[in-house]
There are 2 protein chains.
Amino acid sequence: MESTIAPPVKGRPREFCVDKALAEALHVFWAKGYDGASMTDLTEAMGITKPSLYAAFGNKEALFHKALDLYEAEKLEYTRAALQQPTARKVAEYYLRGGVDVHAAEGEPHGCMGLMSSLACSPEAESIKADVIRRRASSQRALVERFEQAKREGDLPAHIDAEGLTSFLYAILQGITVQAGAGATRAELERLVDTSLALWPSK
Amino acid sequence: MESTIAPPVKGRPREFCVDKALAEALHVFWAKGYDGASMTDLTEAMGITKPSLYAAFGNKEALFHKALDLYEAEKLEYTRAALQQPTARKVAEYYLRGGVDVHAAEGEPHGCMGLMSSLACSPEAESIKADVIRRRASSQRALVERFEQAKREGDLPAHIDAEGLTSFLYAILQGITVQAGAGATRAELERLVDTSLALWPSK
DNA sequence: GTCATTATATACCGCCCGTTATGGAAAGCA
DNA sequence: TGCTTTCCATAACGGGCGGTATATAATGAC
């Protein structure tokens, strides 16, 4: 999964690895949010200077979008795996337990990078918020379709509102990331997940 | 409910109403979050100058704490009324419908002021985050006790985990405020509430 | 009228923000 | 050896931040 296609042969070679620098930037954005992450925070974590950052990534906003791509590809991969679970209940369980694993992991920032960066953002970060909302809507659409399929396949009662159930599942996931960011322990989050699954509709 | 006890008789009289200015500050903090609200935003909305603000409220942080007091007293009053509902289900319904009413009201900022100000905050705003978390924990404790009471009174099954159920209810409420802030319509939020209540445990 | 006290208005402080201009260093090519 | 190209390092830019010093205006007390 190399992002560089053809290495430029002319000129002074780059002295840092773009992918590693982006991974460091991801951690900073994840821990502090878009507005909270300063260029100094980013360059220090990435181990490069500001002109190098601008030459390699464009600007702070472009860097964030690339970091968000990486976040979705690496950290939110479980949301795609969840959709392939055999029943709606298992989809939900995969979603919630995956959410706890990722957003309350030891050695990583607690909370959701997208939510942190989009909930309260400065006027110049409106495009960040719009990007996060667009990606979230896309993910929710896939979940609605998965629950419609579950209704056709009979593992979800026919009277269930697939969109309402998707909003519901997403709300719990958002609550998990909020409470994780506020310092909730893993055990507390697992009790929340267990309670949620105990209430999940069954045929 | 006058906050001024004894009006100072000496010196030049104040030319603005402290309570009205605080209400305006509340709206700014609510719409933009603590970090996102600049002193210029605040003074312009309050109709006063910076020295007047500092003389009357101390500094930005003290102003926020007072605005949060007002927010809890006026906007979150429904959470106290909810605890007095006769059954656990009605407590939950009051909580969720009240949350939609307050956090997706027309003419007011959408989303939760506390959550916006505490989820992603700068290092100097850590005390803000700690205050919000402390208040939230206090509110959750009351909810746990209310659900324990419901178990004793028999309108909640005995096997229910009151703390898990409280985290669960709070997660949905947090999801409501997040989705309201992201632009969800009132109808969408009401479907989320209806779905949540349909799954609520019954005796 | 004079004084002490409090509020207002203007201008300013040092600091950090995201971004960029400038000059030199390291590579391939001729 | 130039020449071009690309990258690195330093330092600076204009602007906004939270907070404040200074001077003036408006009141009650005497």
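**Entry 1: DNA strand C**

I began with Tyr54(A), where a polar side-chain atom lies 2.4 Å from a phosphate oxygen of DNA strand C. This is a predicted model, in which local features need pLDDT of at least 70, side-chain atom pairs count only at pLDDT 80 or more, and totals for chains, interfaces and linings use all residues. Residues are numbered from 1 along each chain as its sequence is written, chains are lettered from A and ligands numbered from 1 in the order in which they are written, and side-chain values use heavy atoms, with hydrogens and water left out.

I then looked up two other pairs. A polar backbone atom of Met39(A) is 2.6 Å from a phosphate oxygen of DNA strand C.

I listed the surroundings, taking a residue as near the strand if one of its heavy atoms lies within 4 Å of it. There are 23 residues around DNA strand C, and Met39(A), Lys50(A), Tyr54(A), Lys60(A) and Ser52(B) come nearest.

I sorted the surface near DNA strand C by class and found 9 nonpolar, 7 polar and 7 charged residues. Here Ala, Val, Leu, Ile, Met, Phe, Trp, Tyr, Cys and Pro count as nonpolar, Asp, Glu, Lys and Arg as charged, and the others, Gly among them, as polar.

I also sorted it by helix (a DSSP run of H or I, at least four residues, numbered from the N terminus). H2 (39-46) and H3 (50-57) of chain A and H3 (50-57) of chain B each supply at least two residues. H3(A) gives the largest share, 3 residues.

**Entry 2: Lys75(A)**

I found Lys75(A) in helix H4 (residues 60-75) of chain A. Lys75(A) counts as buried because its relative accessibility is 17%, the cut-off being under 20% relative accessible area with a 1.4 Å probe and protein chains only. Its side chain makes a polar contact of 3.2 Å with that of Glu108(A); the term means a pair of N or O atoms within 3.5 Å, one able to donate a hydrogen and the other to accept it within protein. Leaving aside neighbours within four places in sequence, I noted contacts (heavy atoms within 4.5 Å) of Lys75(A) with Leu26(A), Trp30(A), Leu70(A), Val102(A) and Glu108(A).

Technical notes: Buried < 20%, exposed > 50% of the residue type's maximum accessible area, 1.4 Å probe, protein only.
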